[in-house]
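Please consult the sequence and the coordinates alongside the text.

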Amino acid sequence: MLIGLILFIAVMGFTLGSRAGLSWPEKFVKDTVGFVQYVFYKPTSYIAGITEDISNLRSLQEENEQLKIALSHYTRDKARFNWIEQENERLQKDLDFTNAQKEQYDYIWKIAQVISVNDDPINRSIVVNIGEREGVKEGMAVSSAEGLVGVISHVSNFTSTVRLATTMDARDPSSNGIAVTAQGKENDVFGVIESYDQSTGKFLMSRVTEPTSLAKGDLIVSSGIGGVFPRGMVIGTVKEIDVGQYGLTYTATVEPAANFTDWKELFVVFAPEVEK
């Protein structure tokens, strides 16, 4: 104990004195401690880094899942928004069309949704979602916002079948022709659209007696003569005028205003009944 006390006092005296540097025992101890710390610190820091990376990876995975869900919601909402925007534009166009027609003629235009299409080339027809309950009758004209589409051929309580104007054939006795005239030339031009050329996709306006009054680009509308189709229904525009079969009358080729494809809504025309 005495020897230990003496050594302790000697070490204290040695370390308390003014020195320019560390002694070799201090250097040895310091280096040893530093080496041991380095040996234990590297694996510990490596393991801590892996643990932190795993934790960050899990958080990143959760964040990616949330972003995927948000992206799917955005895609769904964007598609729905685009559909609603297109539908609003289409319905606004239909509203503008019906308002313009009301200002010209005393007709009621009831909108109808197309629920099915028959693509039979011989007897093309469509079915709309209004019928006898809404007052629809056979023979009523059906139009799109662009032009005449056809005529009601069959009516049930809740639906109606529309025979398209593209099925008109002069050789078919059940096919009704459309008495027509040129808009703005009602007193000068008269003709009848009796057939539709499937190869060219155009109507044939026959029985034109005064071809000089009819010009390329004229808008052809129904004249209302005969009472089958109301007056002023848009048919199409004149593309060509040729001499008729026997050279006594002329035939005009009319490009339809309606495109006869991809309908969403159509209009059934309720014209005032003419007293007999």
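The sections below treat the barrels first, then the helices. The model is predicted.

In one barrel, 6 strands close in the order 1-2-5-4-3-12, with antiparallel pairing. In general, the strands of a sheet pair through backbone hydrogen bonds, in either a parallel or an antiparallel sense.

| Strand pair | Residue ranges | Sense | Bridges |
|---|---|---|---|
| Strand 4 and strand 5 | residues 148–155 and residues 160–164 | antiparallel | 5 bridges |
| Strand 6 and strand 7 | residues 178–182 and residues 191–197 | antiparallel | 3 bridges |

His154 stands opposite Thr161 in strand 5, while Ile178 faces Ile193 in strand 7.

**Helices and surface**

Helix 1 covers residues 2–16 and contains Phe8. Phe8 also belongs to a nonpolar surface patch, formed together with Leu2, Leu5, Ile6, Ile9 and Met12. The accessible area of these residues together is about 610 Å².

Helix 2 spans residues 24–104 and includes Glu87. Glu87 has a relative accessibility of 21% and therefore counts as partly exposed, since buried means under 20%. Along the chain, Glu87 and Lys264 are 177 residues apart, yet their C-alpha atoms are separated by 9.4 Å.

Conventions:
Residues numbered from 1 in each chain as written. Predicted model: local features only at pLDDT ≥ 70, side-chain atom pairs only at ≥ 80, totals over all residues. Heavy atoms only, no water. Pairing = 2+ DSSP bridges. Helix = DSSP H or I, 4+ residues; strand = E, 2+ residues; numbered from the N terminus. Patch = residues over 30% accessible without salt bridge, like charges linked within 9 Å, V, L, I, M, F, W, Y side chains within 5 Å. Areas by Shrake-Rupley, 256 points an atom, 1.4 Å probe, with all protein chains shown as cover. Salt bridge = Lys/Arg side-chain N within 4 Å of Asp/Glu carboxyl O. Buried < 20%, exposed > 50% of the residue type's maximum accessible area, 1.4 Å probe, protein only.
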